[in-house]
Amino acid sequence: MEKIKKGDIVAKKFNNSNILYSVEKITKDYNGRCAAIIKGITIRIVEATYLENLVIIDNEKLDDSLRS
C-alpha cells in the first residue's frame with residue numbers, strides 16, 4: 001500500500017471512488033491514528049477521515065473521472 005501524503009488525489013474506499021479529493025493536510029487524532037483533511041476536486045466539500053479509509057487514485061482514473 002502506498003503512503004498517502006499531502007497533495008495526493010484520493011477517494012474513499014467505501015464510496016466507490018465517486019468523489020475525488022485532494023489531501024490538504026495529514027494529522028493525528030488524540031489516539032495517535034493518522035487522519036487527513038481532504039478537499040473535493042469537482043465538488044465543494046472539505047472533510048476529515050482516517051487514512052485507512054482512503055485509496056490513492058492513479059492518473060489514468062483521474063483523467064477518466066474529470067472527462068465524465
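**Close-up views of a predicted chain**

Among contacts (heavy atoms within 4.5 Å) in the protein chain between residues at least 6 apart in sequence, 35% join residues at least 24 apart. This is a predicted model: local features need pLDDT of at least 70, side-chain atom pairs count only at pLDDT 80 or more, and totals for chains, interfaces and linings use all residues. Residues are numbered from 1 along each chain as its sequence is written, and side-chain values use heavy atoms, without hydrogens and water.

View 1. The order from the N terminus is β-β-β-β-β-α. Helices (H or I, at least four residues) and strands (E, at least two) are DSSP runs, numbered from the N terminus.

**View 2. K12 and E47 form a salt bridge.** Their N to O distance is 2.2 Å. A salt bridge is a side-chain nitrogen of Lys or Arg within 4 Å of a carboxyl oxygen of Asp or Glu. The pair links distant parts of the chain: K12 sits in strand β1 (residues 9-12) and E47 in strand β4 (residues 46-50), 35 residues apart. K12 is buried at 10% relative accessibility. Buried means under 20% relative accessible area, exposed over 50%, partly exposed in between (1.4 Å probe, protein chains only).

**View 3. R33 and E52 pair across two loops.** The closest N and O atoms are 2.2 Å apart.

**View 4. K5 meets D8 in a salt bridge.** N to O is 3.2 Å. D8 is buried, at 12% relative accessibility.
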